[in-house]
Amino acid sequence: DSWWRTRSWAARRGWGALMRSPLAAAPRALAGAPRSGLGPKARRCLEDQRSRSGPTQDQRVAVEAALRSPERVAGLVLIAPALDFTETLMWAQMTPMQRATLEREGVLYEPSQYADAPYEYHFKLIQEGRNHLILDRPIALTCPVRILQGMQDPDVPWQHALRTIEAFTGGDTRLTLIKDGDHRLSRPEDLALLLDAVWGIA
């Protein structure tokens, strides 16, 4: 996908600038940390990075780390960022019946378009995510921010990117909408946009 290809590109240039962890790692990384603090993963990702990029949910960790130590970040490159995804893209989109099942059983199984096995929604993830919402206040960063968003993304609606960019207070914040782009943005033309964004702030 676009992240792996970009990381390989960065590695060839000796950059330690990209991060990744398993799906939904952002809330787990911040578990147990105070609202203004950071979990161990977010702290570690500050050690050897200048610009940041990563999978959709890891980008929550990147933003939190940048807020904590803005002097160590040259900029942010976000690809279909799903900030506050547990509340706005999961809980808010569920039907009353789905919410009741999740609260009662603790887990909700729904068909996945990426695998044969159903996708699991855990109520603990929803609850934990509410302790780390970020779009309910301004994101006070002055570093360059570049957001790439496919308008055919079935997982993160492009309208969510508009809400995200409005939250950033810095003037050097740009959103690029790719009309025929999907969630992965892994086509050659998508990767060219991504690399241009990284080069522009590196």
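Predicted model: local features only at pLDDT ≥ 70, side-chain atom pairs only at ≥ 80, totals over all residues.
Leaving aside residues up to four places away in sequence, Thr86 touches Trp91, Leu125, Ile126 and Gly129.

One of these partners, Trp91, is in the loop between helix H5 (85-90) and helix H6 (96-105). Trp91 is also buried, because its relative accessibility is 11%.

## Aromatic rings

A pair of aromatic rings is described by the distance of the centres and the angle of the planes. The whole structure contains 2 aromatic pairs. One of them joins Trp91 and Phe123, with 6.0 Å from centre to centre and 40° between the planes, and this pair is tilted. Phe123 lies in helix H7 (residues 123-129), 32 residues from Trp91, and the pair links distant parts of the chain. Phe123 has a relative accessible area of 14% and is therefore buried.

Tyr119 and Tyr121 also form a pair: their ring centres are 4.7 Å apart and their planes meet at 65°, so this pair is edge-to-face. The angle decides the label, because planes over 60 degrees apart count as edge-to-face. Tyr119 has a relative accessibility of 26%, so this residue counts as partly exposed.

The charged end of Arg130 sits over the ring of Trp91, at 4.9 Å from the ring centre.

## Nonpolar cores

In soluble globular proteins, nonpolar side chains tend to be buried together. Here the largest nonpolar core has 17 residues. Those with the most contacts inside this core are Val63, Leu76, Leu78, Ile139, Leu141, Val145 and Phe168. Helix H4 (59-68), strand E2 (75-79), strand E5 (145-150) and helix H8 each supply at least two of the core residues. H4 gives the most, with 3 residues. Another core, of 12 residues, lies apart from the largest one, and its members include Ala80, Ala82, Leu108 and Phe123.

## Helix H4

How many of the 10 residues of H4 are buried? The count is 8, and the helix is mostly covered. The buried residues are Gln59, Arg60, Val61, Ala62, Val63, Glu64, Ala65 and Ala66. Val63, one of these, is also among the residues with the most contacts inside the largest core.

## Gln159 in helix H8

Helix H8 spans residues 158-167 and contains Gln159. Is Gln159 buried or partly exposed? Its relative accessibility is 44%, so Gln159 counts as partly exposed. In sequence, Gln159 and Gln149 are 10 residues apart, and the distance between their C-alpha atoms is 9.5 Å.

## The protein as a whole

The protein has 9 helices and 6 strands. Buried residues make up 50% of its 202 residues. The protein exposes about 10,300 Å², and carbon and sulfur atoms supply 52% of that area.

Among contacts between residues at least 6 apart in sequence, 69% join residues at least 24 apart. The pair of Trp91 and Phe123, 32 residues apart, is one example of a link between distant parts of the chain.

Technical notes. Residues numbered from 1 in each chain as written. Heavy atoms only, no water. Helix = DSSP H or I, 4+ residues; strand = E, 2+ residues; numbered from the N terminus. Buried < 20%, exposed > 50% of the residue type's maximum accessible area, 1.4 Å probe, protein only. Core = buried A, V, L, I, M, F, W, Y, C linked by side-chain atoms within 4.5 Å. Phe/Tyr/Trp six-rings, centres within 6.5 Å; stacked < 30°, edge-to-face > 60°. Lys NZ or Arg CZ within 6 Å of the ring centre and 35° of its normal. Contact = heavy atoms within 4.5 Å. Areas by Shrake-Rupley, 256 points an atom, 1.4 Å probe, with all protein chains shown as cover.
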